[in-house]
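Reader: Could you take me through this model with care, stating the cut-offs behind each term as it comes up?

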Amino acid sequence: MTPLSLVLRTPSGVLLDTPISRLQAEDIDGWFGVAPGRADLIAVLPPGLLVFSDPVGEGFVALAGGVLDLDAGRCRVMTHRAALSRDLDSLAADLEQVLRQRRAKHDARTSALNDLIREALQRLAREERA
């Protein structure tokens, strides 16, 4: 069975490069696991949490979304921002900030969409009057 390795990369460089025995991550469909022998995959990760086990023990990564690419036992995660910890409680503030940003981004998109809908309705109303 092919051993797993985890490489976590941000724009500033590699945050983590370690052999792992398992990884749990979340995509749009929910939580999934990666273990030795798992089929290759590519997943889009929303802002949230990764959980992994390596020779040191259990580790946690709060990330601002990203992409996970598993290819031949090499699991690469690319993200704009991430915080790594061995203690889940210490990540709480980082994770809360990531989730706030996720909500703000969603709210901004919703607001922009509502503006476009309002503008389209106003144009239709003007054309009806003409």
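Author: Leu45 is found in strand 5, where strands (E, at least two residues) and helices (H or I, at least four) are DSSP runs numbered from the N terminus. The model is predicted, so that local features need pLDDT of at least 70 and side-chain atom pairs count only at pLDDT 80 or more, while totals for chains, interfaces and linings use all residues. Residues are numbered from 1 along each chain as its sequence is written, and side-chain values use heavy atoms, with hydrogens and water left out.

Reader: Is Leu45 buried or exposed?

Author: The classes rest on relative accessible area, with buried under 20%, exposed over 50% and partly exposed in between (1.4 Å probe, protein chains only). Leu45 touches, by heavy atoms within 4.5 Å and not counting residues up to four places away in sequence, a set including Phe32, Leu63, Leu68 and Val77. Because its relative accessible area is 3%, Leu45 is buried.

Reader: How many bridges join strand 5 to strand 6?

Author: Two strands pair if DSSP finds at least two bridges between them. Strand 5 (residues 41-54) and strand 6 (residues 57-71) form a hairpin with 2 residues between them, and within this pairing Leu50 has Val61 as its bridge partner. The two strands run antiparallel, and the number of bridges joining them is 13.

Reader: The side chain of Asp54 reaches the backbone nitrogen of which residue?

Author: Asp54 is found in strand 5 and is buried, because its relative accessible area is 11%. Asp54 touches Thr18, Pro19, Ile20 and Arg86, not counting residues up to four places away in sequence. At 3.0 Å, its side chain reaches the backbone nitrogen of Val56.

Reader: What is the relative accessible area of Leu124?

Author: Leu124 has its place in helix 1 (residues 92-129). Together with Leu113, Leu116, Ile117 and Leu121, Leu124 forms a nonpolar patch on the surface, with about 500 Å² of accessible area together. Leu124 is exposed, because its relative accessible area is 52%.

How values were computed:
A polar contact is a pair of N or O atoms within 3.5 Å; within protein, one must be able to donate a hydrogen and the other to accept it, and residues adjacent in sequence count only if both atoms are side-chain atoms. Patches are made of residues with over 30% relative accessible area and no salt bridge: like charges are joined within 9 Å, nonpolar side chains (Val, Leu, Ile, Met, Phe, Trp, Tyr) within 5 Å. Accessible areas come from the Shrake-Rupley method with a 1.4 Å probe; for residues, only the protein chains shown count as cover. A salt bridge is a side-chain nitrogen of Lys or Arg within 4 Å of a carboxyl oxygen of Asp or Glu.
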